[in-house]
Amino acid sequence: MTNLTGWTVEALHGDYAQALREDELLYDSQTDHQRLRVFHNARFGRVLTLDGVVQVTEGDNFIYHEMLTHVPLFAHGAARRVLIVGGGDGGMAREALRHPLDEVVMVEIDAGVVEFSKTYLPGISDGAFDDPRLNLVIADGADFMRDTDGGFDVIIVDSTDPVGPGEVLFTDHFYGHAKRALAPGGILVTQNGVPFMQGDELAGTMRAFRTLFADATCYLATVPTYTGGPMAFGWGSDGDARRTDPATVAARVTASGLSFGYYTAEVHHAAFALPGYVARLVAEG
Ligand code: SAM
């Protein structure tokens with residue numbers, strides 16, 4: 001048993017915790033919205049926590065960001081406009097902007113997260129904030145979604161968990177407005193936590209998606225710092241992009257000339273294969 005002095009203990013689930021050793025504390029402050037900390041960990045590099053919950057690490061963020069961008073974008077195949085809700089660290093914009101898009105609108109509630117990430121986690125955004133195609137809006141994503149004219153080919157909800165400011169991004173209301181904001185054939189993807197630990201989170205989103213979308217499901221990826229099994233990403237669309245055949249997805253990936261740390265055309269399709277406990281949450285949760 002290790003003495004946990006000098007460790008960050010994330011007890012998101014009440015009866016279970018993960019601990020990361022803080023090799024160096026780099027930042028600790030309270031914004032108007034949340035408590036923001038950054039420390040260095042030997043395995044994961046710089047780690048950002050909001051209200052004590054790990055949001056992003058230098059070491060494993062590529063998995064999360066690649067899977068929430070490249071799966072919908074390669075499935076769609078012709079996206080021009082993308083909306084990111086949340087995403088203050090800039091990692092989602094970084095990955096989305098690798099595609100030949102006209103515009104990425106990013107709506108983040110907390111300017112503090114953006115400013116701070118530019119300074120303390122520059123490798124996460126990797127220049128995305130300077131890309132002229134990025135339109136950064138500081139606002140509540142739920143308000144933005146209610147008022148937008150829409151026309152987005154892909155909407156990515158890169159939110160915190162459904163507590164505090166992130167809670168509104170898990171409501172039926174918000175999802176209904178998001179559906180309206182999609183262009184024909186558009187795709188909505190959402191971060192839905194780790195189903196083994198937070199089944200209710202995925203079940204709630206899937207309940208809403210089933211009533212809203214012709215194609216409502218989720219897909220999976222294993223992100224080491226989101227512990228407890230694979231994490232789930234909600235998928236809602238009235239188009240058939242999910243059924244784009246594997247050869248077409250593979251051809252699009254090759255034509256893009258991009259290479260990735262986690263995402264491949266094979267992983268793209270495999271990620272939609274759901275274990276029984278997850279499939280039940282999707283179908284009946
Ligand atoms: N990857 C993390 C995870 O899985 O827990 C989450 C990423 S973090 C970039 C989520 C961002 O959502 C934070 O910057 C937070 O400020 C933002 N956020 C939370 N609630 C929001 C809201 N209502 N509207 C817009 N952004 C919000």
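Which helices and strands each supply at least two residues of the shell around the ligand? I began my notebook with that one, keeping in mind that this is a predicted model.

**Ligand shell.** I found that β6 (53–57), β7 (81–86), β8 (103–108) and α5 (141–147) each give the shell at least two residues. I then looked up who comes nearest: of the 25 residues around the ligand, these are G86, G88, I109, G141 and P165.

**Nonpolar cores.** Next I turned to the largest nonpolar core, which has 62 residues. The members that touch the most others are V82, I84, A93, I155, I156 and C218. Helix α1 (residues 61–76) makes the largest contribution to this core, with 8 residues. Another core, also of 8 residues, lies apart from it and includes F39, L48, V54 and V56.

Beyond its neighbours within four places in sequence, A93 contacts I84, G87, V104, M106, S125, A128 and L134.

**Strand β13.** Is this strand buried or exposed? I see that 7 of the 7 residues in β13 (residues 231–237) are buried. I checked the faces separately, since side chains in a regular strand alternate between the two faces of the sheet. One side carries M231, F233, W235 and S237, the other A232, G234 and G236, and all of them are buried.

I also followed its partners. Strand β11 (residues 182–191) pairs with β13 in the antiparallel sense over 5 bridges, and V189 stands opposite W235. Strand β12 (residues 215–221) pairs with β13 over 7 bridges, again antiparallel, with L220 bridging to A232.

How values were computed. Residues numbered from 1 in each chain as written. Predicted model: local features only at pLDDT ≥ 70, side-chain atom pairs only at ≥ 80, totals over all residues. Buried ≥ 20, exposed ≤ 12 C-beta atoms within 10 Å, placed from the backbone. Helix = DSSP H or I, 4+ residues; strand = E, 2+ residues; numbered from the N terminus. Pairing = 2+ DSSP bridges. Near = placed C-beta within 6 Å. Core = buried A, V, L, I, M, F, W, Y, C linked by C-beta atoms within 7 Å. Contact = placed C-beta atoms within 7 Å.
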